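Take a look at the model below. We will go from the overall fold to the charges on its surface.

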Amino acid sequence: EKIALLQQETKEKEEKITSLRQENLEKEEKIASLWQETKEREAKVALLVEENQEKGEKLLALSIELQGEKETVTSLQQETQEKEKKIVSLSEELEREKEVAATSQHEVQEKEKKIVSLSEEL
């Protein structure tokens, strides 16, 4: 009877060991599955990091290009302002020359009148 009891306990312990081994096997499979998922996620993250880096580089290049275009626009605006000032200056100079020419024309007419008047006196 004692042997039968020990055999029963041994059988129960073997069943328990078998059950625990099965649980361990299932847990190892779950770990392997989770490990595979982790590796796949790491690969996705690496790809996203690379894409972000490429986008960052493109953004930097576009930013530099935009800065260059802004500098070009500023330069063209300055050139335009300088040309507008020159136009104003030349317009003012032309106006003065017209006034001088009008004054000279008036003086010439006055002299012509004097000459005519003196000629008539002769």
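In this predicted model, 0% of the 122 residues of the protein chain count as buried. The cut-off for buried is under 20% relative accessible area. The chain exposes about 11900 Å². Carbon and sulfur atoms supply 56% of that area.

The secondary structure is quickly told. The protein chain has one helix and zero strands. Its radius of gyration is 52 Å, well over the 14 Å that the globule rule gives for 122 residues, so the chain is more spread out than a compact globule. The C-alpha trace spans about 175 × 15 × 10 Å along its principal axes. The helix, H1, covers residues 2-121.

Now the charges. The protein chain carries 21 positive and 32 negative side chains. The centres of the two sets lie 7 Å apart.

Lys 39 pairs with Glu 42, and their closest N and O atoms are 3.8 Å apart. The cut-off is 4 Å, so the pair counts as a salt bridge. Both residues lie in helix H1, three residues apart, about one turn of the helix. Lys 39 is partly exposed, with a relative accessible area of 40%. Glu 42 is partly exposed too, at 44%.

Note on methods:
Residues are numbered from 1 along each chain as its sequence is written. This is a predicted model: local features need pLDDT of at least 70, side-chain atom pairs count only at pLDDT 80 or more; totals for chains, interfaces and linings use all residues. Side-chain values use heavy atoms; hydrogens and water are left out. Helices (H or I, at least four residues) and strands (E, at least two) are DSSP runs, numbered from the N terminus. A salt bridge is a side-chain nitrogen of Lys or Arg within 4 Å of a carboxyl oxygen of Asp or Glu. Buried means under 20% relative accessible area, exposed over 50%, partly exposed in between (1.4 Å probe, protein chains only). The radius of gyration is taken over C-alpha atoms; the globule rule is 2.2 Å times the number of residues to the power 0.38. Accessible areas come from the Shrake-Rupley method with a 1.4 Å probe; for residues, only the protein chains shown count as cover. Lys and Arg count as positive and Asp and Glu as negative; His and the chain ends are not counted. The place of a charge is taken as NZ of Lys, CZ of Arg, CG of Asp or CD of Glu.
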